Structure formats: structure tokens, C-alpha cells
Amino acid sequence: MITPALPRDGSACADASITAWALAARGGDSVAVEHFVRALHRDVIRYVAHLCADPQAVDDLAQDTFLRALGSLHRFEGRSSARVWLLAIARRAVADSIRSGAVRPRRAELPDWELAAERAQPCGLPGFDDGVALRELLDGLPEERREAFVLTQVLGLPYAEAAALSRCPIGTVRSRVARARATLMALLAETEAEAAAPSEPALAA
């Protein structure tokens with residue numbers, strides 16, 4: 001019987017459960033499909049939001065990711081974690097949309113990705129809990145550093161898995177994350193300094 005809740009004793013156990021659900025879903029277990037999608041939906045939204053230049057296309061790209069994944073489950077053999085496998089599909093979905101130009105902005109109120117991104121606060125970076133929008137700061141990073149930071153610090157992937165997903169050496173990922181953290185700290189300090197600076201007095205008429 002498939003357990004509907006993820007274990008709370010570490011990401012490795014959670015990944016093992018998600019992978020088990022993916023394998024069961026491959027065999028036609030509809031309950032496993034539901035648990036698999038629920039477990040990774042937020043991660044896909046976060047990842048796509050940081051890769052995609054069009055915020056209003058995020059929901060469509062996330063849906064496309066899951067449609068591709070569910071259509072390819074029969075080929076999933078569990079050689080990597082289901083999370084890494086799905087994020088690789090998300091990466092291809094975003095790349096395909098950029099190449100084809102087929103994803104167009106759609107009318108919407110505030111999309112869910114914005115709230116998800118702001119809630120995905122990284123560990124060890126003081127100041128983010130003070131209401132500074134993580135998404136806005138991440139937009140100031142080069143694309144490769146932003147992706148490395150999101151994968152490891154926001155989504156919590158091990159460096160080895162992030163390296164496999166990004167198709168680069170693990171040392172490169174570590175370097176990109178270190179540089180991203182340094183840049184984010186500098187941007188955060190600059191933002192806080194601007195907020196603390198006294199406003200200019202109004203000129204007398």
C-alpha cells in the first residue's frame with residue numbers, strides 16, 4: 001500500500017518515496033500518480049519560475065512538464081530520483097518554449113509562482129525573512145548561477161544531482177552557488193542600505 005504522506009526524516013527518504021510513487025504510477029496505480037504530482041508540483045513551479053522569462057507562462061509550462069512526465073513514465077526505471085528526472089523534463093519544457101516561441105503571455109491575476117517563490121527562502125542568508133522578494137534578487141544573477149542556486153538552496157537538491165541535471169562538474173555547481181550567494185548578499189546589503197537611507201528633504205517653494 002502506498003503511503004500518502006512524505007517522510008519527515010530527511011530529503012533522501014522523501015525522494016525515495018517519490019521515486020516509489022513514480023514507479024507505481026508507471027504500473028498504472030492512479031493513487032500513486034496523484035501522490036507523485038502533489039509531491040513535486042511546488043518544486044516544478046519554483047524551478048520553472050526561475051528559468052522562464054515569462055511569469056505568466058509558468059503554470060502552462062508546469063502543466064506541460066507533468067503531461068510530458070506522465071506520458072513518459074513507462075520509460076522511467078528509477079536509475080535517478082524521480083525528482084531529478086522530472087526537473088530535467090521541466091528544463092527541456094522551458095528550453096523548448098524559448099526556442100519555439102510558442103508560449104504566449106495569458107491574462108491572469110497574481111500567479112501562484114510568485115507566492116511560491118517568496119516562500120522558498122534559502123537557508124543561511126540573513127535578511128530574506130524581512131520581506132525582501134527572493135525572486136527579484138535572483139533576477140539579478142546570471143542564468144547559470146541562478147539555476148545552480150535554485151536547485152541546491154531553494155529546491156534542496158544535493159550538489160551531485162544538481163550537477164547531473166545541469167550537465168556540468170560538481171565543482172562548477174559549487175562555484176556557481178558560492179558566487180550566487182556572494183552576489184545575493186551584496187544585493188541584499190544594497191537594498192537594505194537604500195531602505196535605511198534618509199529621504200531627501202522637500203525643497204521649499
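Helices here are DSSP runs (H or I) of at least four residues, numbered from the N terminus. All the views below show a predicted model.

**View 1. Helix α4 and the largest pocket.** Welcome to the largest pocket, which has a volume of about 370 Å³. Its lining comprises 18 residues, and those closest to the centre are Ala88, Arg91, Arg92, Glu147 and Leu165. Three elements each contribute two or more residues to this lining: α4 (82-100), α7 (143-154) and α8 (159-166). Of these, α4 gives the most, with eight residues.

**View 2. The buried side of helix α3.** Helix α3 runs over residues 58-72, which makes 15 residues. From first C-alpha to last, α3 reaches 21 Å, close to the 21 Å expected at 1.5 Å a residue. The buried residues of α3 are Val58, Leu61, Ala62, Thr65, Phe66, Ala69 and Ser72. They lie on the same side of α3 because they cover an arc of only 135 degrees around the axis.

**View 3. An aromatic pair, Phe76 and Trp85.** Searching the whole structure turns up one aromatic pair. Phe76 and Trp85 form this pair, with 4.9 Å centre to centre and 40 degrees between the planes, a tilted arrangement. Phe76 is buried at a relative accessible area of 2%. Trp85, at 17% relative accessibility, counts as buried too, because the cut-off for buried is under 20%.

**View 4. A charge over a ring.** Here you can look at Arg174, whose charged end sits over the ring of Tyr159. The distance from that charged end to the centre of the Tyr159 ring is 4.4 Å.

Terms used:
Residues are numbered from 1 along each chain as its sequence is written. This is a predicted model: local features need pLDDT of at least 70, side-chain atom pairs count only at pLDDT 80 or more; totals for chains, interfaces and linings use all residues. Side-chain values use heavy atoms; hydrogens and water are left out. Rings of Phe, Tyr and Trp (its six-membered ring) pair if their centres lie within 6.5 Å; planes under 30 degrees apart count as stacked, over 60 as edge-to-face and the rest as tilted. Buried means under 20% relative accessible area, exposed over 50%, partly exposed in between (1.4 Å probe, protein chains only). A charge sits over a ring if NZ of Lys or CZ of Arg is within 6 Å of the ring centre and within 35 degrees of the ring normal. The expected span of a helix is 1.5 Å times one less than its number of residues. The arc is that of the directions from the helix axis to the C-beta atoms. On a 1 Å grid over the protein atoms alone, a cavity is a set of points where a 1.4 Å probe fits but cannot get out, and a pocket is an open set with protein on both sides within 12 Å along at least five of seven lines; lining residues have an atom within 4 Å of a point. Grid points are joined across faces, edges and corners, and a volume is the space filled by probe spheres set on the points.
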